[in-house]
Amino acid sequence: MKITEVQEILHAQLVTDLVEDFDVEFGYGCDLMSDVLAFVQHNDILLTGLVNPQVIRTCEVVDIHAIVFVRGKVPAQELIEIATSAGITLLCTEYSLYTSCGLLYQHGLLGEEIGHDFSL
Amino acid sequence: MTFHYNVDGGYPEMAGRASTKFKSVLKDLGVAPSVIRRVSIAMYEGEINMVIHANGGDIRCEVETDKIRVVLADQGPGIPNLELAMQAGWSTASQEARELGFGAGMGFPNMKKYSDALDVQTEVGVGTTLTLDFLI
């Protein structure tokens, strides 16, 4: 799914420059960065209500290139700058984490554990 | 090649800078992305632990032809019960660390999962040294 599609589906605001639209393969919704480090394996977009520099660093470490901040959370300028220098695209939506994930799933963006049929 | 990073424990929100810097170094050296990913995640978990539990420390990264070694040394409080600390879900992290998204008790399990070997030397009141090895 393209970032611009995510933006449209979630009525999201883009808070970093999108130099070139790109694809994300799966979605991961989480406020716990330890879980992101443990479970994200592929080209995911992270949806989270947590807004601090560690979210950006965590994504940088696991090669997540796009983050949606949910529940109307807005990142500070410092955080936008860290994300920009790390090449990470930031979006903000008023929807809750549950609704945001549901909307993206409804439009075909799966969670990676389902996409890869991990043993559940 | 050896790389040194000093980790300041006074600014939890800055934790992870050493790991992301070393990740860039590994990219420049042409290390395989799958290896870079494992090193970055495990080192980042170690760095986070160092900041939230031990007020910072020093990291030494050695890149050899067949392996990468990351040594994280702190002079923090040490780990009283290492067996418990290694269990998924066990954490003594502060509320501040939890607010940053950590303290879920996944630090050591993640370091173990992503490295090829993990050695922990710890002494209460003296500090902790973690040695992580990754085969290339």
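**Reading the features**

Author: We begin with residues 15-132 of chain B, whose end C-alpha atoms are 18 Å apart and which are 43% helix and 25% strand. Helices (H or I, at least four residues) and strands (E, at least two) are DSSP runs, numbered from the N terminus. UniProt, in an unreviewed entry, lists this span as "domain: Histidine kinase/HSP90-like ATPase"; such annotations may be inferred rather than shown by experiment. The model is predicted: local features need pLDDT of at least 70 and side-chain atom pairs 80 or more, while totals for chains, interfaces and linings use all residues. Residues are numbered from 1 along each chain, chains are lettered from A, and side-chain values use heavy atoms, without hydrogens and water.

Reader: At roughly what angle do H3 of chain A and H2 of chain B cross?

Author: Axes are lines fitted to C-alpha atoms over the stretch in contact, with angles from 0 to 180 degrees between N-to-C directions. The axes of H3(A) (residues 53-62) and H2(B) (residues 33-54) cross at roughly 150 degrees and come within 8 Å. H3(A) is therefore roughly antiparallel to H2(B) (over 145 degrees; under 35 is roughly parallel). Their contact (heavy atoms within 4.5 Å) includes A:Arg57 and A:Val61 on H3(A), and B:Ile41 and B:Tyr44 on H2(B).

Reader: How do H3(A) and H4(A) lie relative to each other?

Author: They are roughly parallel, as the axes of H3(A) and H4(A) (residues 77-86) cross at roughly 10 degrees and come within 9 Å. Among the contact residues are A:Ile56 of H3(A) and A:Leu79 of H4(A).

Reader: Which residues lie nearest the centre of the largest pocket?

Author: Rolling a probe the size of a water molecule over the atoms shows where empty space is left. A pocket is an open set of points on a 1 Å grid where a 1.4 Å probe fits, with protein on both sides within 12 Å along at least five of seven lines; lining residues have an atom within 4 Å of a point. Nearest the centre are B:Asn49, B:His53, B:Ile79, B:Thr92 and B:Phe108, among 33 lining residues. H2(B) gives the most, with eight residues.

Definitions and conventions:
Parallel < 35°, antiparallel > 145°, perpendicular 65-115°, else oblique.
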